[in-house]
Amino acid sequence: MERKDLLNKLWEFQNKYGYISKTAIKEIAQSLNVSTIEIEGVITFYHFFHTKPTGKFIIYLNNSIVSEFKGFQQIKSAFEKETGCFFNEYNQDSIFSLFETSCIGLSDQEPAALINFHPFTNLTPKKVKTIIDKIKNGRTLKSIESKFDSKIQYTPSNNKTVIFRDYKIGKSLQNLKSASKIIDLIAKSKLTGRGGAFFSTALKWKYCKDSLSTNKVIICNADEGEPGTFKDKSLLNNLPGLLLEGMIIAAHVTGAKKGFIYLRAEYKYLLEKLEDAINEFEYRGLLGNDILGIENFNFKIDIQLGAGSYVCGEEKALIESLEGKRGVPRIQKHFPTVNGFLGHSSIVNNVETFIKAARTLELGVNFISKIGTENSKGTKLVSISGDVAKPGIYEIEWGISVRELLKLSEALSPYYVQISGPSGECINHTEFDRTICDEDLICGGSIMVFNRSRSILQIQENFMNFFKMESCGVCTPCRAGNQILFEKIQKFKRGLCTQTDVEEIKQWGNIMKLTSRCGLGKTSSNSLVMAVDKFKEYFDLKISPLNENQNIEFDMEAAINDYDNFIKETQN
Ligand code: SF4
């Protein structure tokens with residue numbers, strides 16, 4: 001066994017025994033000639049690997065903010081009642097083990113859970129009872145699982161739809177050109193990475209093409225984990241062939257012979273579909289050797305299943321994970337195009353980026369250029385969830401206003417909108433005329449809408465708890481900063497925050513942005529820092545009236561009473 005095969009080996013044990021035992025760890029460590037601690041370090045990094053025995057049925061209930069607002073607590077209690085187990089305990093005598101988990105890509109159908117990675121959506125206490133009864137009565141999970149696909153709620157008029165149009169296998173590959181012509185085409189279409197970083201795809205591909213690396217690797221990041229994002233799931237389900245075509249085009253440009261799809265474990269139910277697509281492409285001579293009859297155009301794609309880690313969506317963490325390690329982001333010394341998978345020049349693009357590249361070859365740059373804005377050409381997929389009547393996938397023309405999107409999704413008294421997930425930007429009602437595009441409000445894919453009845457502190461607490469849990473902890477600004485910001489939110493909740501705390505929130509946000517190693521730490525404070533300004537009225541009401549310069553003996557109860565009185569007075 002090679003080190004790069006470690007995740008698959010761990011999955012073998014996890015799937016077979018429900019956990020990875022000390023004996024298994026020893027066996028693996030010996031075969032890799034590393035310490036058992038090294039292997040334990042990898043196992044404990046990922047949420048879905050366990051070192052203690054679990055029940056036959058492992059239930060992962062999503063605890064993201066949309067789920068919280070749609071009844072997470074009720075569903076959690078229902079699972080505990082029906083199974084007789086408690087969450088986040090191993091319940092070793094039961095056939096069930098229950099765990100909370102972060103976003104599972106079903107925000108449009110919350111509350112949702114995975115049971116042995118089968119999806120169960122739109123849960124109610126009654127539905128939970130039925131599911132658990134059926135499991136106890138021996139029904140297979142496959143026979144009772146929910147549909148996971150998200151509704152495609154909107155595409156622009158036919159001559160502006162880029163992604164969700166008819167697909168015919170191999171159509172984009174018919175337009176294969178020389179590497180430099182393809183790079184030129186992608187550059188003209190102004191395609192940038194659709195995962196959230198928005199780096200120029202043409203430049204990335206060119207760096208890899210020009211690299212002297214003897215082996216090159218194409219990696220598809222199918223690990224969308226930003227809470228509220230589920231659009232890549234829809235692409236993997238509806239257009240797996242188009243994704244493969246995008247990767248094949250990238251391989252043709254760079255000379256790569258090897259490709260990976262790094263699929264988040266939360267989407268394990270899509271594995272078979274992707275494998276079928278790869279088999280069909282191999283059968284048709286579109287993957288394998290001498291692709292399309294072009295001599296020495298050899299390219300193969302493998303699928304690597306992740307194991308539950310948000311930070312692995314960061315490209316340098318993803319590569320570490322692909323190499324069988326903890327998904328700790330590498331130091332930003334070299335881009336993956338210089339030092340990627342096993343040191344080879346590698347391209348990492350997300351699902352939507354490869355698909356858009358394939359459509360660009362198929363439709364031509366003139367078609368794409370007529371759509372969108374000056375800097376953002378074509379369309380963008382967004383996933384809308386929260387307080388809207390029509391949650392789901394929207395293929396929007398770049399430049400659409402937030403107001404228009406709220407109208408399309410039939411938002412219910414929108415008050416607070418989170419663009420690009422918790423790491424993105426929050427906006428208030430005065431900003432609804434802003435437009436989604438590079439020139440204004442860039443969006444990686446998640447849009448969460450909340451109405452006035454929702455607690456902004458609860459939103460922020462959920463976000464910060466998420467980042468605190470998902471930080472890999474390797475650098476101090478992120479490890480400590482997320483914890484400190486979380487504590488500030490607790491202080492707000494207790495009515496003890498002062499103006500100094502608000503200033504410290506901003507200072508910490510700045511420190512984290514400037515000094516964290518990767519995107520997680522650089523962006524995790526965004527939402528809170530923006531919210532205290534954009535929803536100033538809301539936060540002002542929560543600032544403690546205590547004189548912060550007084551050196552007082554702290555009396556929590558008195559402070560809470562003072563605060564309650566203060567609120568009553570201001571409300572009168
Ligand atoms: Fe890890 Fe956070 Fe540092 Fe990223 S910023 S490397 S997640 S500790």
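1. A quick definition to start: helices (H or I, at least four residues) and strands (E, at least two) are DSSP runs, numbered from the N terminus. Counted that way, the chain in this predicted model has 23 helices and 14 strands.

2. On overall shape, the radius of gyration is 24 Å, close to the 25 Å that the globule rule gives for 572 residues, so the chain is as compact as a globular protein of that length. Along its principal axes, the C-alpha trace spans about 80 × 60 × 45 Å.

3. How far can you trust it? The mean pLDDT of the chain is 94, with 95% of residues reaching 70 or more. Do watch residues 550-554, where pLDDT is below 50; that stretch has four contacts in the model beyond near neighbours in sequence. Where pLDDT is low, the predicted coordinates should not be read in detail.

4. Now the inside and the surface. Buried residues account for 57% of the 572. Of the contacts between residues at least 6 apart in sequence, 72% join residues at least 24 apart. The chain exposes about 23900 Å², and carbon and sulfur atoms supply 49% of that.

5. As for charge, there are 72 positive and 68 negative charges, and their mean positions lie 5 Å apart.

6. Is K209 buried, exposed or partly exposed? Its relative accessibility is 30%, so K209 counts as partly exposed. Beyond its neighbours within four places in sequence, K209 is in contact with A179, S180, I183, K216, V253 and T254. K209 and I183 are 26 residues apart along the chain, and their C-alpha atoms are separated by 9.7 Å.

Technical notes. Residues numbered from 1 in each chain as written. Predicted model: local features only at pLDDT ≥ 70, side-chain atom pairs only at ≥ 80, totals over all residues. Heavy atoms only, no water. pLDDT = per-residue confidence, 0-100. Contact = heavy atoms within 4.5 Å. Rg over C-alpha atoms; globule rule 2.2 N^0.38 Å. Buried < 20%, exposed > 50% of the residue type's maximum accessible area, 1.4 Å probe, protein only. Areas by Shrake-Rupley, 256 points an atom, 1.4 Å probe, with all protein chains shown as cover. Lys, Arg positive; Asp, Glu negative; His and termini not counted. Charge placed at Lys NZ, Arg CZ, Asp CG, Glu CD.
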